[in-house]
4 protein chains.
Amino acid sequence: MKVIRDPVHGYIELDQLVLSLIDTPQMQRLRRIQQLGLSNLVYPGANHTRFEHSLGVMHLATTLTSQLNSIEKDEKDEIRAAALLHDVGHGPLSHVTESIIKQYTRQRHEDVKPILKKGEIAEILDEHGLDPVTIADHIKGETSLGKIVNSEIDVDRMDYLVRDAHYTGVAFGLVDHARLIHEMQFYEDNLVVGLGGLKAAESLLVSRFLMHPSVYYHHVSRIAETMFTRAVQDLINKKTLDPFKLRQMEDARLFEMIRADDGYAGELGKRLDERRLYKRALHVGIDVVGENVLRYRGKVDRVENEIAEMVGIDSSEILIDIPKRPEIAEMKALIKVDGKMLRLDEASNIVATIENAHQDNWRMGVYTIKEHRETVRKAAQEFFDTKKGTKQFRLTDL
Amino acid sequence: MKVIRDPVHGYIELDQLVLSLIDTPQMQRLRRIQQLGLSNLVYPGANHTRFEHSLGVMHLATTLTSQLNSIEKDEKDEIRAAALLHDVGHGPLSHVTESIIKQYTRQRHEDVKPILKKGEIAEILDEHGLDPVTIADHIKGETSLGKIVNSEIDVDRMDYLVRDAHYTGVAFGLVDHARLIHEMQFYEDNLVVGLGGLKAAESLLVSRFLMHPSVYYHHVSRIAETMFTRAVQDLINKKTLDPFKLRQMEDARLFEMIRADDGYAGELGKRLDERRLYKRALHVGIDVVGENVLRYRGKVDRVENEIAEMVGIDSSEILIDIPKRPEIAEMKALIKVDGKMLRLDEASNIVATIENAHQDNWRMGVYTIKEHRETVRKAAQEFFDTKKGTKQFRLTDL
Amino acid sequence: MKVIRDPVHGYIELDQLVLSLIDTPQMQRLRRIQQLGLSNLVYPGANHTRFEHSLGVMHLATTLTSQLNSIEKDEKDEIRAAALLHDVGHGPLSHVTESIIKQYTRQRHEDVKPILKKGEIAEILDEHGLDPVTIADHIKGETSLGKIVNSEIDVDRMDYLVRDAHYTGVAFGLVDHARLIHEMQFYEDNLVVGLGGLKAAESLLVSRFLMHPSVYYHHVSRIAETMFTRAVQDLINKKTLDPFKLRQMEDARLFEMIRADDGYAGELGKRLDERRLYKRALHVGIDVVGENVLRYRGKVDRVENEIAEMVGIDSSEILIDIPKRPEIAEMKALIKVDGKMLRLDEASNIVATIENAHQDNWRMGVYTIKEHRETVRKAAQEFFDTKKGTKQFRLTDL
Amino acid sequence: MKVIRDPVHGYIELDQLVLSLIDTPQMQRLRRIQQLGLSNLVYPGANHTRFEHSLGVMHLATTLTSQLNSIEKDEKDEIRAAALLHDVGHGPLSHVTESIIKQYTRQRHEDVKPILKKGEIAEILDEHGLDPVTIADHIKGETSLGKIVNSEIDVDRMDYLVRDAHYTGVAFGLVDHARLIHEMQFYEDNLVVGLGGLKAAESLLVSRFLMHPSVYYHHVSRIAETMFTRAVQDLINKKTLDPFKLRQMEDARLFEMIRADDGYAGELGKRLDERRLYKRALHVGIDVVGENVLRYRGKVDRVENEIAEMVGIDSSEILIDIPKRPEIAEMKALIKVDGKMLRLDEASNIVATIENAHQDNWRMGVYTIKEHRETVRKAAQEFFDTKKGTKQFRLTDL
């Protein structure tokens with residue numbers, strides 16, 4: 001049994017199974033994938049990686065399963081392997097490249113069956129009597145046990161909320177995961193939280209609610225990440241980059257390809273390196289632009305073209321970012337009260353309250369280079385006003 | 001006045017001078033230089049960068065100068081600029097490439113005059129009425145004021161000891177820098193610590209003493225860093241890499257060049273990527289190998305050749321690492337007692353004690369690939385025994 | 001300038017004014033007044049005192065005033081003195097004895113004019129050219145400057161929220177007071193928070209919202225504190241204790257008087273010492289008992305008598321606790337946006353949301369000794385049902 | 001299984017055995033015994049109690065025994081009970097009253113057999129099949145298993161070093177107890193630390209070495225505690241206080257008795273309440289006063305008389321404090337290396353080094369009231385010089 005030092009959990013114990021899996025190239029690669037994409041442009045301390053996060057998730061899964069008497073030894077190993085391997089499907093900069101990878105390969109980061117079924121990982125799992133397909137199913141949360149690593153209230157989010165708070169330095173690291181894990185159990189094939197864990201489950205929600213605007217959707221990271229994905233798209237369009245290889249790449253390699261480009265991608269890369277980012281021309285909530293704006297998701301290039309034409313600039317100088325409506329999956333977590341299972345938002349008034357407030361965290365952004373900020377804002381306002389049929393944009397929405 | 005969140009110091013305030021300097025490519029480059037080289041192979045959390053460290057040093061310099069009434073406003077700006085810019089001369093992976101850069105260019109990382117005198121940095125300094133040459137002198141610690149950023153007890157080491165502890169997660173982050181800074185003043189052109197800061201100055205020593213073997217000279221990072229420098233040397237020998245360009249490069253670019261190589265460098269790079277490191281064949285203290293061994297510093301290739309010949313393997317499969325004798329510069333810091341200045345090791349028994357104990361932290365290493373571990377150890381033992389004239393190597397020294 | 005170590009703020013600097021005030025018997029007495037009353041029965045670590053809290057408040061006031069250029073040096077001293085002295089009016093166990101003291105003396109803990117106007121404190125203030133009456137007005141928040149120590153968003157609550165979290169060990173210590181203070185200023189005689197401090201102001205709200213049910217209104221402390229106040233009341237009724245002397249007493253003295261009693265008070269004291277507390281017979285929210293229940297505040301003895309009669313036990317074996325409706329004063333704090341002042345709950349959706357959710361934190365309690373728990377619950381349910389006219393009490397409300 | 005929140009260890013689990021023992025008056029009494037005596041006069045946050053410390057020790061003992069497969073379930077319960085109960089023999093203000101209690105009753109705080117053998121504790125132990133005498137032996141460290149709670153490297157000191165650091169706020173809380181416990185095992189009836197725990201064991205030493213002068217032997221607490229014990233002695237001499245009842249008392253009761261006195265004790269009590277402490281007239285190390293001074297331990301009243309006579313004041317105005325030579329028991333802890341057991345100071349150069357340096361932490365003190373400081377210093381210097389035969393006292397020794 002070896003141990004490794006972790007700033008979040010103290011010591012993490014590594015047994016032979018874990019040690020072998022860690023030493024595979026697939027796991028070592030995660031050392032070179034930043035956990036929070038380009039958030040380090042906002043929080044200089046946020047340079048942590050998927051590797052340490054994976055160790056943390058494995059650690060919490062071990063803690064949780066060790067208290068569940070109903071689970072067999074080999075099932076515990078399955079879950080620990082699933083926890084450790086759950087992020088091997090991530091591309092460069094984690095979630096930043098996820099939508100591009102999905103667009104071309106139809107695979108999300110949780111789809112790891114092809115990765116687990118071959119090479120060293122498959123061999124190691126086999127040596128320990130573990131089945132790659134079962135583990136891949138756990139990782140997708142498609143089994144009962146898999147809910148430990150992938151569900152509304154899994155150990156994945158317990159680790160990343162606390163870890164992201166530690167490295168960004170924000171003061172919201174208030175997830176009481178020790179208590180939460182202590183209260184978790186299986187009940188009728190569901191992973192449920194006992195009543196004694198209600199406050200701790202609420203703390204998970206509150207933490208996400210506060211981290212969302214401050215960290216996960218901070219407009220500066222959104223701008224940088226939008227710029228980055230456009231650069232990647234440009235390389236793919238030019239056939240410089242094979243989108244099917246993207247998923248095995250690392251942050252540095254992809255960045256080097258972008259820097260090596262002498263066109264649009266290269267220019268965006270240089271801007272990112274020197275932190276000369278696009279600026280907000282418009283950054284507004286759903287109350288301003290109306291629900292209809294969500295229809296443009298996936299078609300922002302057309303909107304960019306139209307606004308660019310209105311202003312008379314090149315459409316590459318406008319970036320539009322329309323995120324999904326925010327949701328807090330945790331509110332569907334199950335709480336066991338008096339032998340009955342309630343959804344967290346049924347059991348807790350706080351949670352139901354936050355559910356509504358969280359919608360106000362949504363923002364759509366129109367970004368452009370500094371020089372065109374004023375003209376693009378006016379054009380964008382006009383465009384969205386027309387679409388919405390009202391005239392309620394305010395200057396303070398910037 | 002903008003603020004930025006820092007996990008170590010809380011908020012750091014950035015005024016216009018600092019904001020402008022931060023936005024130069026030279027400072028932005030530090031975002032992509034790891035503070036602790038390859039220590040993240042031992043401590044997965046140690047991914048912090050020279051950029052955030054530079055902000056931290058600037059923050060502490062600001063705190064210190066703000067309490068010194070004898071210093072003028074423009075001198076304060078000089079020192080703050082010096083603190084912020086003190087690491088722009090670092091090459092990839094910080095200290096890891098330092099000796100190679102010095103070997104070819106004769107420049108150490110503190111030699112930043114050429115960098116400050118041209119381009120955007122020079123312009124910004126000029127706009128604020130600051131002289132690049134003076135600032136470069138401060139950074140080298142060659143002025144009285146410069147001792148704030150470069151001396152036996154400067155704000156540089158106050159920041160990095162605490163910061164390195166935060167990210168590695170070791171429990172030794174015990175530098176009481178708030179107290180230390182509170183007690184610092186200039187006295188007869190020397191930066192001195194008042195008697196009330198004696199305990200805090202001792203804490204700096206103790207911290208370094210404990211961090212040295214656990215973090216800074218951990219054998220696994222030493223092995224990885226030795227492998228890395230050999231790979232860089234190989235690229236230079238093959239003319240693939242121009243050593244004069246090394247200093248402006250970033251971690252990722254240099255790693256990519258190593259990976260792209262199809263010879264020795266590439267092989268070492270692949271080993272580093274997959275964490276298949278060389279292992280310790282011998283790892284012993286000065287009491288075992290004798291003082292004479294220090295004569296081999298700078299000539300380890302000859303020793304490697306000789307031992308390789310004894311074993312009958314290629315000399316590239318042996319790496320020898322002979323560090324400098326450890327020294328704790330802090331013990332020369334000046335303490336002001338009853339109007340007299342004493343050296344810290346004169347004023348404090350603890351410090352004098354640690355000075356001796358610290359010598360025991362020195363280790364030399366002979367590293368090789370797993371398969372040759374036994375044979376290389378025997379040969380290396382024989383080699384160093386002969387040189388030393390005794391037979392006292394023990395198996396437990398491994 | 002001396003410094004003192006504080007677990008929450010690191011070092012706190014003490015100048016001559018503060019040192020002199022600290023050395024008065026009135027301030028030294030606060031060393032022996034627990035900050036959180038009897039919360040240490042729930043959180044064994046919660047033994048901190050009003051003394052260290054007062055130092056913390058003074059520290060934050062110093063930080064805040066030092067950045068406000070519009071305030072004169074002597075006004076800064078006034079505020080610092082006010083911050084340090086703001087709690088000298090607290091009786092034993094802080095808020096626990098507050099309502100009894102108010103009932104007999106008409107004085108709340110903020111009414112400190114009589115204390116400041118005489119003895120050593122008056123002398124020291126006079127020596128430093130400070131007026132006790134002005135300082136007493138600041139402490140009551142009745143001046144513009146006084147808002148720093150007593151208003152919707154004062155340094156008092158910034159200190160105690162973080163301090164209480166540190167000592168109880170709950171994970172909710174998320175007040176970003178460094179940022180908040182950095183953004184505070186006076187505007188048209190109001191203490192306002194700049195837009196950059198909005199998130200930090202929200203964090204204050206969220207912290208209170210989470211601390212309320214977990215710490216400040218935890219049912220076990222409420223039970224213990226209700227028992228304690230009944231014991232004090234019993235001593236007063238028996239003329240053993242002069243209520244006008246209560247305010248100058250310390251925790252230990254009052255406890256010793258209770259222990260020395262051989263009647264009801266003594267029995268309650270023994271129960272508290274041995275932690276044999278009354279138990280919840282009913283512990284329900286406003287949705288269950290209806291708004292009308294608030295009319296019984298101040299007349300709970302009648303309700304206790306009635307229920308005791310229904311059950312056929314002595315009314316001393318029933319304790320009823322009907323707290324005030326919870327309010328979050330902070331939501332009235334002023335935020336300065338584009339030159340206009342908005343209330344925090346107008347500027348922030350989160351705050352408006354929490355305002356509603358916070359009402360659900362209210363609970364009324366009917367407590368009794370273990371043996372009568374079931375019978376008292378039934379009687380109390382019947383009593384309150386009749387009063388409310390409905391039958392919706394559930395067993396799970398216990 | 002209930003849990004309780006602890007600021008140091010997070011959550012502590014309490015099973016039925018522990019819950020029952022906690023609810024005894026003997027354990028509840030520890031809520032009212034300060035862990036660090038009068039250190040809160042130096043560190044205002046140091047108000048923690050023996051109660052929370054006892055829970056912490058029980059928690060660490062549970063963690064340690066749970067990984068030792070060689071120990072039976074009932075032995076684990078024995079050790080957990082011993083850990084929880086190990087401090088029930090402490091008198092008011094913990095170690096402050098220890099020597100007086102020992103002088104009259106011949107009992108040290110570890111002698112708890114009489115307390116465990118009667119009343120509720122005996123009943124509860126009996127119910128759980130545990131023998132009070134065995135547990136008392138464990139607490140004295142007289143059994144093999146007992147070394148877990150009382151030996152050179154026991155869980156008692158692991159808890160208090162970290163806990164005392166947390167509440168005083170000093171930065172030296174560097175005991176890596178998680179790692180240390182992970183490496184502990186029984187070997188030939190000895191509790192030993194595996195080689196992997198060497199660094200962690202060293203950290204325990206370093207922590208104590210740093211805590212000793214800053215916290216445990218800070219001259220201000222020593223002065224206050226010397227004053228307090230003289231007051232207690234005065235009450236005993238006057239027959240106001242029965243020394244045989246002292247051990248069952250609590251801090252507050254004893255303080256109230258002192259305050260109620262109208263002679264010397266009462267005067268000292270008033271000084272303590274108002275923090276008008278005696279001052280250092282002489283505070284010097286063994287290098288100054290010579291080893292002979294240790295002979296006066298236990299006879300300081302004679303020395304006080306003699307010096308008082310020299311000065312011409314009442315001997316009650318002089319207090320002399322001659323502590324034992326400091327020792328670091330931890331250095332005798334056993335480290336298991338290659339199947340052999342070494343003492344920690346044999347296995348670690350750092351430890352051997354600290355052993356020597358630690359002697360310099362010793363100080364003897366001559367204290368008096370402010371007015372007599374100069375004259376008492378001169379007389380005390382003369383007295384000790386004569387006894388030592390040299391003239392080397394320096395003014396700076398003050």
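## Two domains in chain A

Chain A splits into domain 1 (2–192) and domain 2 (219–325 + 360–397). These bounds come from an automatic or database domain assignment. The C-alpha centres of domain 1 and domain 2 of chain A are 31 Å apart. Where the two touch, domain 1 of chain A supplies 18 residues and domain 2 of chain A supplies 18 residues. Residues are in contact here if their C-beta atoms, placed from the backbone, lie within 7 Å.

On the domain 1 side of chain A, helix H5 (residues 98–105) gives the most, with four residues. Helices (H or I, at least four residues) and strands (E, at least two) are DSSP runs, numbered from the N terminus. By class, this side of domain 1 of chain A holds 10 nonpolar, six polar and two charged residues. Ala, Val, Leu, Ile, Met, Phe, Trp, Tyr, Cys and Pro count as nonpolar; Asp, Glu, Lys and Arg count as charged; the others, Gly among them, count as polar.

## About the model

This is a predicted model, in which local features need pLDDT of at least 70 and side-chain atom pairs count only at pLDDT 80 or more, while totals for chains, interfaces and linings use all residues. Residues are numbered from 1 along each chain as its sequence is written, and chains are lettered from A and ligands numbered from 1 in the order in which they are written.

## Chain A meets chain B

Here 30 residues of chain A are in contact with 30 residues of chain B. Elements of chain A that give two or more residues to its side are strand S1 (2–6), helix H2 (25–29), helix H3 (50–66), helix H9 (155–168) and helix H13 (251–260). H13(A) gives the most, with four residues. The chain A side has 11 nonpolar, nine polar and 10 charged residues.

## Chain A meets chain D

Six residues of chain A are in contact with six residues of chain D. Strand S2 (10–14) and helix H10 (177–182) of chain A each supply at least two residues to the chain A side. H10(A) gives the most, with three residues. The chain A side has three nonpolar, two polar and one charged residues.

## A sheet in chain B

Four strands of chain B form an open sheet in the order S3-S4-S7-S8, with mixed pairing. Strands pair if DSSP finds at least two bridges between them. Strand S3 (184–187) and strand S8 (340–343) of chain B are the edge strands, each pairing on one side only. From one strand to the next, the twist averages 45°.

Strand S4 (residues 190–194) and strand S7 (residues 334–337) of chain B pair in the parallel sense over three bridges. Gly194(B) stands opposite Lys336(B) in S7(B).

## A hairpin and a helix pair in chain D

Strand S1 (residues 2–6) and strand S2 (residues 10–14) of chain D pair in the antiparallel sense over five bridges. A hairpin joins S1(D) to S2(D) through three residues. Tyr11(D) in S2(D) is the bridge partner of Arg5(D).

The axes of helix H11 (residues 198–216) and helix H18 (residues 349–359) of chain D come within 10 Å and cross at roughly 15°. H11(D) is therefore roughly parallel to H18(D). Axes are lines fitted to C-alpha atoms, for helices over the stretch in contact, and angles run from 0 to 180 degrees between N-to-C directions. Angles under 35 degrees count as roughly parallel. Glu202(D), Leu205(D), Val206(D) and Phe209(D) in H11(D) meet Ile350(D), Val351(D), Ile354(D) and His358(D) in H18(D). This contact has six nonpolar, one polar and one charged residues.

How values were computed
Parallel < 35°, antiparallel > 145°, perpendicular 65-115°, else oblique.
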